[in-house]
Amino acid sequence: AAGAEGGRVISPATPETLLRHVDEERLVDTARALVDISSPTGHELELAEHMRVLLAELGMSVAWQEVEEGRPNVVGTLAGAGGGPSLMFNGHMDTSYSGSEPHLTGIGFKPRAVVKEGRIWGLGISNMKGALACYVEALRALLDAGVRLRGDVLIAAVVGEIEKTQWGEEFRGRDYRGYAAGSRHLATHGGIADMCVLGEPTEQRIVLGHYGAMWCRIGVGGPFVHTAFSEGRLEENSIVRARHALDRVLEWIPEWERRATYRGLKGVVNVGSIRGGFPWRLSRTPGRTDIFLDVRVPPSMRMQDARGTFDELVRGLREDHPEWELDSEVFVTAPGSEIDEGHPLIQAIDRVHSTVFGEPPERDAVRWFSDASALTRYGIETVNYGTSSGLPDPEGENLDIEGLVQIAKVYALVATEICGVDG
């Protein structure tokens, strides 16, 4: 007999049945196949075609959303019997790197899966092809167990999540269109659900909030002259002036850290790039030097207020040094995201995580960005919850196979908790 609790209808045997149907070998094979397909930002097409086949094999109706030419989102929907909430599992297909970077030589930075000592190594396995494999395995387990859900389940494999963006004349095109480009398109073209799980690598913790990002530039001008005629003008050099501007930025950062505190975390600012001069023509002083900043903004702060704080910094520099021909811009405003701890999705994860792992999950807040930023703004309440990251290893990305299996079990059970079971 089925029991009801808070709108859920679940057979008492369902959890045990599902746990038996999550297949480690099948899950590992799926994850390895995903890693073996190179998919840096802008080049997700081959992996999308593979995902379309996987989702169709699950009996899902599959939508092909062309975000731009050669960059599709793939969205599978397993229709429920009706009467239950819908649940999306969302994961990005693009990887943080291409695998050809000369400074990233470890096996975990290459699009070629290697299994050793109970772990899967390879580019994208933790961020976040391992999660995509877990979603697929969770649905396979549901189907193999004969479980019919009331609500719809969606798997959305999206393009363009990685933190990168276009800038200037040099960095343009598909390779630089990230920062939730795919999930924004997803939510405005029919890819919606009542709530969503993002399987980003969270160390099996529930992330209740993550920071957003504001990318800024401060530009400093100076005379463009031949070295032979630059005697006595060193302080006018835009690089030297930028050094003084950077000193002011470094003085400002502790103030930002305090202002941007969230859930016990301080705000953070990265000096991500400095550009100035001509390596091929050092006989000229640079006419401009630019300082680029990545300013992390808590989800509790409006981006407008964050920008206003940056504008104050620039205004002070301009007033003190009008001769610098200083200019500035903000070219990324990607807000953070948070979810209420009392949300039904959090409660469901709490219950089934405890079933699978034997203890409740920890809570967390993080400074990295995720597609939850876009999804929550379209009314899709989203939580980041996934397996361990494996990112700190110098050999690159890797995941513990046992952890992947356990997370796949959690995802399958969460689907029954949220969508409800028919019958």
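Predicted model: local features only at pLDDT ≥ 70, side-chain atom pairs only at ≥ 80, totals over all residues.
**Ground rules.** I number residues from 1 along each chain as its sequence is written, and side-chain values use heavy atoms, with hydrogens and water left out.

**Entry: α2 against α3.** I looked up how helix α2 (residues 24-35) sits on α3. Their axes come within 10 Å and cross at roughly 155°; axes here are lines fitted to C-alpha atoms, for helices over the stretch in contact, with angles from 0 to 180 degrees between N-to-C directions. The two helices are therefore roughly antiparallel (over 145 degrees; under 35 is roughly parallel, 65 to 115 roughly perpendicular, and the rest oblique). T30, A33 and L34 of α2 meet L47, H50, M51 and L54 of α3, where contact means heavy atoms within 4.5 Å. I sorted these residues into five nonpolar, two polar and no charged. The classes are nonpolar for Ala, Val, Leu, Ile, Met, Phe, Trp, Tyr, Cys and Pro, charged for Asp, Glu, Lys and Arg, and polar for the others, Gly among them.

**Entry: α3 against α4.** Next I took α3 (residues 45-57) with α4 (residues 125-144), whose axes come within 11 Å and cross at roughly 15°. That makes α3 roughly parallel to α4. On the α3 side I listed L47, M51, L54 and L55, and on the α4 side K129, L132, V136 and R140. This contact has six nonpolar, no polar and two charged residues.

Entry: I found a cis peptide bond between N127 and M128, with omega of about -5°; M128 lies in helix α4. Y179 is not a glycine, yet has a positive phi of about 50°. I placed Y179 in the loop between β8 (153-158) and α5 (181-188). Its relative accessibility is 6%, so I count Y179 as buried (under 20% relative accessible area; exposed is over 50%, partly exposed in between, with a 1.4 Å probe and protein chains only). Q204 also has a positive phi, near 60°, and is not a glycine. Q204 sits in the loop between β9 (195-198) and β10 and is buried at 19%.

**Entry: L208.** I located L208 in strand β10 (residues 206-210), buried at 2% relative accessibility. Leaving out residues up to four places away in sequence, L208 touches Y262, R263, S337, E338, I339, E341, I346, R363 and D364.

**Entry: T285.** I found T285 in the loop between β12 (269-276) and β13 (288-297). At 11% relative accessibility, T285 counts as buried. The T285 side chain reaches the backbone oxygen of P223 at 2.6 Å. Beyond its neighbours within four places in sequence, I listed P223, F224, V225, S230 and N237 as contacts of T285.

Key: Helix = DSSP H or I, 4+ residues; strand = E, 2+ residues; numbered from the N terminus. Polar contact = N/O pair within 3.5 Å; in protein donor to acceptor, adjacent residues only side chain to side chain.
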